[in-house]
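Here's a friendly walk through one protein model for someone meeting it for the first time. Have a look at the sequence and the 3D view, then read on.

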Amino acid sequence: MDFASFYDKQPDYVSFRNDPSRRRDYEILSDWKVRKLVQLVPEGLRFDNVLEVGCAFGVLLNNIAGRLGIKDRTGVDISAKNIEVARDLFPECTFFAGTLEEFISKQPDGPGKKRFDLVVLSDIIEHLPDDLGFLKTVQNYCSFVLLNLPLEKSLSTRNRNYGEEDPSGHLRCYDNDDAVRLVTEAGYTIVKDYTSTAFFDEQFYGVYKKNRDARIGKKTLPKKAFWTLFYFLQDKLKSVSRGLTDKIYGTNYFALLKSQSP
């Protein structure tokens, strides 16, 4: 699979690049993840530099770095078109189009010598052919990792065809046990972790509901009636049971990991 081409053409990324009005929504959706990731960092832990792998447009990277007071910011993404936008939005940052291995190999110090205080991995592990191997590789270049991993083993995704045909590029899905097992097998120490669901964040849910209502408005009358009722029940469930909502729609795993690599 040509992953660079896939993410160059992925509809959500294309929409962001071509429609500035979508960027505010993207910033709000990213901000929920940032707030959850930053909460993991204990008071007194400081980072001089940060690298995000799979940085897309650099929005999440710069939001996290701003909140943590990190000035030295680097982003890597396999999509050259996404990196073009990132450079326009954040010219003060360093961006690289390619894989992590390609980025490291081009560093002045040579392969294996460049290290970062913090590496951010947000919504990337599920896109990688070798999730465990990638996490082991990252250890060689960092002291800490901030990880966000969607937990999509849920009732709503039980028939989703994960793999190269998935429209979002998700090659596999996880639950909480899978996530903990994965990072442990990769050799990390879990400093702090928890799960959280975007549905229960007011700002995130506002963007989700706006886009949802726009989709409903384009449907025929019978389908409009069906989906209006469906989402009405979804909203009611959300207000009644957080646990059941997570089981039906999934949640997210957030973790601060300490590298054991010298």
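Predicted model: local features only at pLDDT ≥ 70, side-chain atom pairs only at ≥ 80, totals over all residues.

**Helix 7 and its buried side**

Let's begin with helix 7, which runs over residues 131-139. Which of its residues are buried? They are Asp131, Phe134, Leu135, Val138 and Gln139. These residues sit on the same side of helix 7, because they cover an arc of only 145° around the axis.

**Two helix pairs**

Two packed helices are described by the angle between their axes and the distance between the axes. Here are two pairs to compare in the viewer.

| Helix pair | Angle between axes | Distance between axes |
|---|---|---|
| Helix 9 (residues 202-217) and helix 10 | roughly 160° | within 9 Å |
| Helix 2 (residues 11-18) and helix 5 (residues 80-89) | about 35° | 11 Å |

On the helix 9 side, the contact is made by Tyr205, Tyr208, Lys209, Arg212, Arg215, Ile216 and Gly217. Helix 10 brings Lys224, Trp227, Thr228, Tyr231, Gln234, Asp235 and Lys238. As for handedness, the crossing of helix 9 and helix 10 is right-handed.

Helix 2 and helix 5, on the other hand, cross in a left-handed way. Here Tyr13, Phe16 and Arg17 of helix 2 meet Lys81, Asn82, Val85 and Leu89 of helix 5. Helix 2 has Ser15, Phe16 and Arg17 as buried residues. Their cover includes helix 1 (3-9), helix 3, helix 4 (59-68) and helix 5.

**Buried residues up close**

Now zoom in on glutamine 234, in helix 10 (residues 221-240). Is glutamine 234 buried or exposed? Its relative accessibility is 5%, so glutamine 234 counts as buried. Leaving aside residues up to four places away in sequence, glutamine 234 touches Phe199, Tyr205, Tyr208, Arg212 and Tyr249. With one of these, tyrosine 208, glutamine 234 makes a side-chain to side-chain polar contact of 3.0 Å.

Asparagine 62, in helix 4, is buried as well, since its relative accessibility is 8%. Which side chain does the side chain of asparagine 62 join in a polar contact of 3.1 Å? That partner is arginine 73. Asparagine 62 also touches Phe90, Glu92, Cys93 and Phe95, again not counting residues up to four places away in sequence.

Asparagine 49 belongs to strand 1. With a relative accessible area of 12%, asparagine 49 is buried. Its side chain reaches the backbone nitrogen of aspartate 117 at 2.7 Å. Beyond four places away in sequence, asparagine 49 touches Ile70, Asp72, Arg115, Phe116, Asp117 and Leu118.

Valine 34 lies in helix 3 (residues 21-38). How buried is valine 34? The relative accessibility comes out at 0%. Valine 34 touches Leu60, Asn63, Ile64 and Arg67, once residues up to four places away in sequence are left out. The C-alpha atoms of valine 34 and leucine 61 are 8.6 Å apart, while 27 residues separate the two along the chain.

Finally, a look at the backbone. Most residues other than glycine have a negative phi, and most peptide bonds are trans. Alanine 56 has a positive phi, near 55°, and aspartate 123 also has a positive phi near 55°.

Where are these two? Alanine 56 is in the loop between strand 1 and helix 4, and aspartate 123 is in the loop between strand 4 and helix 7. Alanine 56 is buried, with a relative accessible area of 3%, whereas aspartate 123 is partly exposed at 22%.

How values were computed. Residues numbered from 1 in each chain as written. Heavy atoms only, no water. Buried < 20%, exposed > 50% of the residue type's maximum accessible area, 1.4 Å probe, protein only. Helix = DSSP H or I, 4+ residues; strand = E, 2+ residues; numbered from the N terminus. Arc of directions from axis to C-beta. Polar contact = N/O pair within 3.5 Å; in protein donor to acceptor, adjacent residues only side chain to side chain. Contact = heavy atoms within 4.5 Å. Axes fitted to C-alpha atoms, helices over the stretch in contact; angles between N-to-C directions. Left-handed = near helix turned anticlockwise from the far one by under 90°.
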